[in-house]
Amino acid sequence: MNPKMSASTVILIAMLTLPGMISAKGKSRLKGAGVTRENVGTVDGRGVDLYTLTNVHGLETKIMSYGGIVVSLRVPDRRGAFDDVVLGFDTLDTYVESTPYFGALIGRYGNRIGKGRFILNGVEYKLAINNGENSLHGGVKGFDKVIWNGRSRKTMNGPALELTYLSRDGEEGYPGNLSVKVIYTLTNHDELKIDYFATTDKDTVVNLTHHSYFNLAGEGNGDILNHRLSIAANYFTPVDAGSIPTGEFRNVKGTPFDFMGQATIGARINQDDEQLKLGNGYDHNFVLNGKTGQLQQVATVLEDTTGRMMEVWTTEPGMQFYTGNFLDGALTGKGGKVYQRRFGFCLETQHYPDSPNKPNFPSTVLRKGQRYRSTTSYRFMVRKTA
Ligand code: GLA
């Protein structure tokens with residue numbers, strides 16, 4: 001052993017090499033760009049792999065084949081210091097036991113379907129109920145809890161991971177064998193880009209999204225209330241007591257939902273507002289301005305103390321802005337950090353919740369023979385001056 005190593009260094013190295021560990025803190029070294037793979041355990045007897053994607057600037061993300069979960073995402077601050085900006089756990093087992101969808105791929109239907117029922121082609125489908133009387137994020141065993149087939153790729157754009165999954169006809173109550181492909185690319189423009197593809201052999205509904213909880217000050221480093229946010233949305237979809245949209249499009253003007261200019265997340269979060277009370281904070285779908293199907297910038301987030309900035313780009317018509325209202329200190333995250341209320345925020349690009357029961361919302365029906373296609377990109381940069 002190197003005699004100059006301090007006791008804490010020894011403990012740190014020992015911790016990093018414990019079997020089953022899937023995340024590592026500490027200053028990230030600039031390694032060669034590319035993708036590496038390691039086995040991190042099994043779920044239901046099947047091996048789970050963890051892929052590490054590193055781009056040319058040293059940004060690094062670790063993604064698991066279980067749930068397509070982004071376990072860590074390390075990006076620099078204005079001084080060039082890297083930190084992990086997504087919430088998560090240290091071990092695969094913790095994810096399997098219970099997680100509020102940290103970093104996961106969500107499907108077959110992101111967010112809620114009211115009463116877990118919908119009618120398609122005159123047939124009523126009954127889905128797995130897992131959120132009050134509703135179906136949330138694909139049901140009891142959504143795409144966040146299945147093992148995807150992984151294949152690493154080196155692209156012109158940067159290192160990538162291709163994940164595929166066949167969701168069987170009837171899974172969680174949904175019709176049709178749905179063949180899904182998701183490609184995560186950590187681009188050399190410092191984006192975590194997510195491309196979604198799907199086809200079905202029977203008409204069905206599809207709404208795929210990604211559920212990272214971000215904290216641009218670094219995961220576990222306090223709440224996200226001082227992050228500055230802007231969202232390009234003149235309208236949002238108000239909800240009822242079960243967080244199901246009422247069907248109304250409400251103008252954000254004069255409400256705490258107006259992020260057309262920049263505002264801190266916390267500035268109005270505790271206002272005496274019926275919708276904020278129903279959501280326990282922000283947990284609402286924003287109706288994005290602009291044209292669906294075209295990749296456009298829809299949100300910007302800035303964290304002043306580190307200078308870290310994130311832009312969200314998407315082809316989707318909506319985005320769920322969720323402020324970690326249900327985190328309550330019960331979960332111990334990476335490195336033993338306790339995640340308190342509002343320690344992370346989610347910007348889940350999507351079609352609107354409960355669209356299968358809302359004829360006035362853009363359709364989420366995927367017909368046999370059609371191709372589902374969606375792209376979202378989280379782009380990282382820094383602001384040099386405070
Ligand atoms: C989504 C929902 C929230 C909550 C989180 C996970 O963002 O809209 O109500 O269920 O997922 O905890």
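Biologist: Where in the protein is confidence lowest, and where is it highest?
Modeller: Confidence is lowest in helix 1 (residues 7–16), with a mean pLDDT of 42, and highest in strand 27 (residues 346–350), at 99. pLDDT is the predictor's confidence in each residue, from 0 to 100. Helices (H or I, at least four residues) and strands (E, at least two) are DSSP runs, numbered from the N terminus. This is a predicted model, where local features need pLDDT of at least 70, side-chain atom pairs count only at pLDDT 80 or more, and totals for chains, interfaces and linings use all residues. Residues are numbered from 1 along each chain as its sequence is written, and side-chain values use heavy atoms, with hydrogens and water left out.

Biologist: What does the protein average?
Modeller: The mean pLDDT is 93, and 92% of the residues score at least 70.

Biologist: And over which residues does pLDDT stay under 50?
Modeller: Residues 1–19 stay under 50, with 6 contacts (heavy atoms within 4.5 Å) beyond four places in sequence. Residues 24–30 also stay under 50, and there the model has 18 such contacts.

Biologist: New topic: which residues surround the ligand?
Modeller: Among them are Tyr101, Asn111, Arg112, His137, Asp283 and Glu348; a residue counts if one of its heavy atoms lies within 4 Å.

Biologist: How far is an oxygen atom of the ligand from an N or O atom in the side chain of Arg112?
Modeller: That distance is 2.7 Å. For the side chain of Asn111, an N or O atom is 2.9 Å from a ligand oxygen, and a polar side-chain atom of Glu348 lies 2.8 Å from one. The protein buries 95% of the 300 Å² that the ligand exposes when taken alone, by the Shrake-Rupley method with a 1.4 Å probe.

Biologist: Back to Asn111: where is its place?
Modeller: Asn111 is in the loop between strand 6 and strand 7. Its phi is near 70°, a positive value in a residue other than glycine. Arg108 is in the loop between these strands too, and a cis peptide bond joins Gly107 to Arg108, with omega about 0°.

Technical notes. Polar contact = N/O pair within 3.5 Å; in protein donor to acceptor, adjacent residues only side chain to side chain.
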